[in-house]
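Here is a short report for a first look at a protein model. Keep the sequence and the structure in view while reading.

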Amino acid sequence: MPKIKTHKGSAKVFRTNKNKVVKIGKPGSRHNTGSKSSNFNRSCRKGSTLSKADYNRLKNII
């Protein structure tokens, strides 16, 4: 059985814990932040975690 290569684009975005909790950044925080609300920019700093359904869908490439 051949090994599955890591998807390098995904490896740069997702960070995994020992508990298989995948941390991701929030979308919309890269550019044009001056026109977005301060509340939105603050909430984007915190990041979030990948849901269990998305983890099951993406676990082969992470």
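The report moves from the overall fold to single residues.

## Basis of the model

This is a predicted model, in which local features need pLDDT of at least 70, side-chain atom pairs count only at pLDDT 80 or more, and totals for chains, interfaces and linings use all residues. Residues are numbered from 1 along each chain as its sequence is written, and side-chain values use heavy atoms, with hydrogens and water left out.

## Overall fold

The protein has 3 helices and 3 strands. Helices (H or I, at least four residues) and strands (E, at least two) are DSSP runs, numbered from the N terminus. Along the sequence, the pattern reads α-β-β-α-β-α. The radius of gyration is 15 Å, well over the 11 Å that the globule rule gives for 62 residues, so the protein is more spread out than a compact globule. That radius is taken over C-alpha atoms, and the globule rule is 2.2 Å times the number of residues to the power 0.38.

The C-alpha atoms fill a box of roughly 50 × 20 × 20 Å, taken along the principal axes. Buried residues make up 11% of the 62 residues. Here buried means under 20% relative accessible area, exposed means over 50%, and partly exposed lies in between (1.4 Å probe, protein chains only). The areas come from the Shrake-Rupley method.

## The salt bridge

A search of the whole structure finds 1 salt bridge. The term means a side-chain nitrogen of Lys or Arg within 4 Å of a carboxyl oxygen of Asp or Glu. The side chains of Arg57 and Asp54 form it, at 3.1 Å from N to O.

Both residues lie in helix α3. They are 3 residues apart, about one turn of the helix. Arg57 is exposed, with a relative accessible area of 60%. Asp54 is partly exposed, at 27%.

## A positive patch

Lys26, Arg42, Arg45 and Lys46 form a positive surface patch. Patches are made of residues with over 30% relative accessible area and no salt bridge; like charges are joined within 9 Å, and nonpolar side chains (Val, Leu, Ile, Met, Phe, Trp, Tyr) within 5 Å. Lys and Arg count as positive and Asp and Glu as negative, while His and the chain ends are not counted. The place of a charge is NZ of Lys, CZ of Arg, CG of Asp or CD of Glu.

Arg45 sits in helix α2, which covers residues 38-46. Arg45 is exposed, with a relative accessible area of 67%.

## Two loop residues with positive phi

Lys20 lies in the loop between β1 (15-16) and β2 (22-24). Its phi is near 65 degrees, a positive value in a residue other than glycine. Lys20 is exposed, at 56% relative accessible area.

Asn32 is found in the loop between β2 and α2. Phi of Asn32 is near 55 degrees, again positive in a residue other than glycine. Asn32 is exposed too, at 53%.

## The segment after α3

Lys59 lies in the segment after α3 (52-58). Lys59 is partly exposed, with a relative accessible area of 44%.

Ile62 is partly exposed, at 31% relative accessibility. Ile62 and Gly28 are 34 residues apart in sequence, and their C-alpha atoms are 22 Å apart in space.

Methods
Areas by Shrake-Rupley, 256 points an atom, 1.4 Å probe, with all protein chains shown as cover.
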